[in-house]
Amino acid sequence: MASYEQQAKDIIKDAQKKLNSWGFSFFYSLEDIAEMYEKAGNMFKLAQQWKDAGDAFTEAARLFERGNSAKFESSRALDNAAKSYKRVDPKAAIEALKRAVEFDQASGNFRSAAKHWQEIAEMFENELHEPREAYDAYKSASDMYITDDSPALANKCLLKVAQLAAELEMYPIAIEKYEQVASTAVDDPLLKWSMKDYLLKAGLCHLCTGDMVKSSQALANYCNMDASFESTREYTLLSGIVDCINQGDIERYTQIVYDYDKLTRLDAWKTAVLLKIKNTIDCEDLR
């Protein structure tokens with residue numbers, strides 16, 4: 001029995017022969033030939049020939065489009081192409097998914113478009129380490145989830161937008177997104193426990209701007225948004241940091257952060273932001 005790779009090549013050879021035949025439209029439709037390319041793509045996957053698999057699925061999508069198939073068929077083929085390309089070439093996978101998004105949006109399949117944007121964002125963030133591109137893609141994913149009337153999924157992407165905006169030192173945007181998600185959690189019993197974390201992150205971003213007046217105003221607004229926030233350890237941490245910055249007290253700052261971390265472990269993002277704030281106090285001390 002021929003290897004999977006050889007079977008795939010034989011199928012493609014047969015598909016090309018049918019495509020080039022003057023009478024293919026009488027016996028075979030473009031959709032039929034596209035399905036042959038999909039079959040070849042699956043054979044290449046079994047052979048772990050990921051680029052060839054991606055190319056076969058991409059050709060299937062092109063043929064589905066030429067044959068005026070439902071746009072779902074082209075999007076599905078490109079989604080399969082992306083899964084294969086991702087093994088060897090994330091950039092090629094991203095290009096396939098961006099093309100899939102075009103078909104999704106044209107057919108009104110906004111949930112699929114959102115998922116594809118989210119996959120693009122995750123590849124930019126985790127495989128390619130391009131935070132600005134990831135930021136833009138998560139924002140597009142959030143917009144698509146909102147269009148699809150899926151606010152919970154939109155908020156999940158907005159939190160990534162906020163996180164990456166802060167890492168890129170785009171603090172006003174990070175503040176806006178964290179506060180936006182926090183406001184949706186006020187009356188939701190399932191999300192309310194997360195609200196104090198969103199407000200903590202927004203408050204830390206405020207402190208990174210160096211504007212203590214606005215930072216203090218933000219803390220007051222958070223207490224108005226949620227009356228219980230003032231009794232939380234997150235509020236105590238933020239208000240304590242405001243005092244430390246105003247007084248230039250680096251030792252107290254270090255102790256406040258240490259005390260918080262003892263009971264509530266700080267993640268890498270918060271640790272990085274707190275270090276930036278600490279450095280601003282150090283700089284003030286040197287003046």
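**Close-ups of a helical model**

**View 1. The buried side of helix α7.** In this predicted model, the residues of α7 that end up buried are Ser112, Ala113, Ala114, His116, Trp117, Gln118, Ile120, Ala121, Met123, Phe124 and Glu125. They pack against α5 (71-85), α6 (90-106), α8 (131-147) and α9 (151-167). Helix α7 itself covers residues 110-127, and its 18 residues should span 26 Å at 1.5 Å a residue; the end C-alpha atoms sit 25 Å apart, so the two agree. Look just past the end of α7 and you'll find His129, which has a positive phi of about 55°.

**View 2. Gln118, a buried residue of α7.** Let's stay on helix α7, where Gln118 has its place. Is Gln118 buried or exposed? Its relative accessible area is 12%, and buried means under 20%, so Gln118 counts as buried. What does Gln118 touch, leaving out residues up to four places away in sequence? The list is Tyr138, Ala141, Tyr145, Lys156 and Cys157.

**View 3. Helix α4 and its neighbours.** Now over to α4 (50-66), which has 17 residues and reaches 24 Å from its first C-alpha to its last, close to the 24 Å expected at 1.5 Å a residue. Its buried residues are Trp50, Ala53, Gly54, Ala56, Phe57, Glu59, Ala60, Ala61, Leu63 and Phe64. Which helices do the buried residues of α4 pack against? They are α1 (4-20), α3 and α5. Just after α4 comes Asn68, with a positive phi of about 60°.

View 4. How far apart are Gln48 and Glu5 in space? From C-alpha to C-alpha it's 8.6 Å, though 43 residues separate Gln48 and Glu5 in sequence.

**View 5. Lys177, a charged residue tucked in.** Lys177 belongs to helix α10, which runs over residues 171-185. A lysine counts as charged, yet Lys177 is buried because its relative accessibility is 11%, under the 20% cut-off. Setting aside residues up to four places away in sequence, Lys177 touches Leu158, Val161 and Ala162.

**View 6. The largest nonpolar core.** In soluble globular proteins, nonpolar side chains tend to be buried together. Here the largest nonpolar core has 97 residues, and those with the most contacts inside it are Leu204, Cys205, Leu207, Phe229, Ile241, Tyr253 and Ile277. Which helix gives the most to this core? That's α11 (residues 192-209), with nine residues. Zoom in on Ile277: not counting residues up to four places away in sequence, it touches Leu204, Leu207, Cys208, Ile241, Ile245 and Tyr253.

**View 7. The largest pocket.** About 170 Å³ of space lies in the largest pocket. Its lining is made up of Tyr253, Thr254, Val257, Asp261, Arg265, Leu266, Thr271, Leu274, Leu275 and Lys278. Two or more of these residues come from each of α14 (250-263) and α15 (268-286). How many lining residues are nonpolar, polar and charged? Five are nonpolar, two are polar and three are charged. Tyr253 turns up here in the pocket lining, and it was also listed among the core residues with the most contacts.

Definitions and conventions. Residues numbered from 1 in each chain as written. Predicted model: local features only at pLDDT ≥ 70, side-chain atom pairs only at ≥ 80, totals over all residues. Heavy atoms only, no water. 1 Å grid on protein atoms, 1.4 Å probe; cavity = no way out; pocket = protein on both sides within 12 Å on 5 of 7 lines; lining within 4 Å. Points joined across faces, edges and corners; volume = space filled by probe spheres on them. Helix = DSSP H or I, 4+ residues; strand = E, 2+ residues; numbered from the N terminus. Buried < 20%, exposed > 50% of the residue type's maximum accessible area, 1.4 Å probe, protein only. Contact = heavy atoms within 4.5 Å. Expected span 1.5 Å × (residues − 1). Core = buried A, V, L, I, M, F, W, Y, C linked by side-chain atoms within 4.5 Å.
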